[in-house]
Amino acid sequence: MSLRVGVLVSGSGTNLQAILDAATSVYEVAIVMSNKPDAFALKRAEAAGLKTLVLLPADFSTREAFDDAVADALEAERVALVCLAGYMRILSAGFVKRFENRILNIHPSLLPAFVGGHAVRDVLEWGARVTGSTVHIVDDELDHGPIVLQEAVDVFPDDTEETLHERIKAVEHRLYPAAIRLFGEGRIRVEGRRVTILPDAG
Ligand code: GRF
């Protein structure tokens with residue numbers, strides 16, 4: 001049975017597109033949810049014939065109430081894995097608990113370096129020579145949970161935020177579907193901070 005994935009987005013959705021393009025019998029995207037009604041990612045989801053849902057944080061009295069509604073919608077679709085793909089919100093502890101060890105995020109740096117919402121800009125400002133992309137399991141702290149996959153990307157002297165982010169995204173578009181496939185194949189074992197990738201049984 002294929003893994004039912006829920007993807008949370010806020011923006012352009014190139015990672016969502018890569019996840020959709022790489023889908024095999026191992027996983028399927030059951031629902032795409034956004035907190036931004038104008039996210040281009042929603043257009044990509046619609047073009048792929050997927051179910052979409054927009055929930056607006058302003059319609060809820062607290063962050064917890066909003067996150068509960070998101071979690072309810074994901075559970076109604078029998079989602080087994082939640083993938084954050086450019087989702088620009090910090091999840092509440094209650095949400096993380098409901099999907100414990102079943103939430104993945106992709107972050108455009110080599111964590112734990114350069115956490116936060118401007119990682120690519122921060123790398124350039126810092127003058128780092130190497131950065132990259134990280135797929136990690138989401139825990140209670142921002143950009144913090146156990147690392148599943150990680151790949152380095154060189155920073156070039158003439159890089160702008162756009163050119164560097166573009167090269168990082170090219171890596172992300174391979175890494176994220178690969179991590180989801182591993183999850184779907186049951187090959188990710190988490191012990192504390194350490195993630196073991198189990199060998200391919202087939
Ligand atoms: C990606 O770089 C991802 O690492 C970060 O947000 C960006 C989302 O891009 N969390 P997209 O919406 O998938 O194009």
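**View 1. The second largest pocket holds about 170 Å³ of space.** This is a predicted model, in which local features need pLDDT of at least 70, side-chain atom pairs count only at pLDDT 80 or more, and totals for chains, interfaces and linings use all residues. Residues are numbered from 1 along each chain as its sequence is written, and side-chain values use heavy atoms, with hydrogens and water left out. A pocket is found on a 1 Å grid over the protein atoms alone, as an open set of points where a 1.4 Å probe fits, with protein on both sides within 12 Å along at least five of seven lines; lining residues have an atom within 4 Å of a point. Points are joined across faces, edges and corners, and the volume is the space filled by probe spheres set on them. The lining includes Ala93, Val96, Lys97, Glu100, Asn101 and Arg193. Ile137, Val138, Asp139, Asp140, His144 and Pro146 also belong to it. Helix α4 (residues 93-98) gives the most, with three residues. Helices (H or I, at least four residues) and strands (E, at least two) are DSSP runs, numbered from the N terminus. By class, this lining has five nonpolar, two polar and five charged residues. Here Ala, Val, Leu, Ile, Met, Phe, Trp, Tyr, Cys and Pro count as nonpolar, Asp, Glu, Lys and Arg as charged, and the others, Gly among them, as polar.

**View 2. The largest pocket has a volume of about 770 Å³.** Its lining counts 36 residues. Gly86, Tyr87, Met88, Ile106 and Pro108 lie nearest the centre. At least two lining residues come from each of α1 (14-21), β5 (103-107), α5 (119-126) and α6 (161-184). Helix α6 gives the most, with four. The classes are 13 nonpolar, 14 polar and nine charged.

**View 3. The ligand takes up the space of the largest pocket.** A molecule sits in a pocket if more than half of its atoms lie within 2 Å of the pocket's grid points. Around the ligand are Ser12, Gly13, Thr14, Asn15, Gly86, Ile106, His107, Pro108, His165, Lys169 and Glu172. The shell has two nonpolar, seven polar and two charged residues.

View 4. Alone, the ligand exposes 370 Å², and the protein buries 89% of that. These accessible areas come from the Shrake-Rupley method with a 1.4 Å probe.

**View 5. Leu111 and Pro112 are joined by a cis peptide bond.** Omega is about 15°. Pro112 sits in the loop between β5 and α5.

**View 6. Arg78 has a positive phi, near 55°.** The residue is not a glycine. Arg78 lies in the loop between α3 (63-76) and β4 (81-84).

Note on methods: Near = heavy atom within 4 Å.
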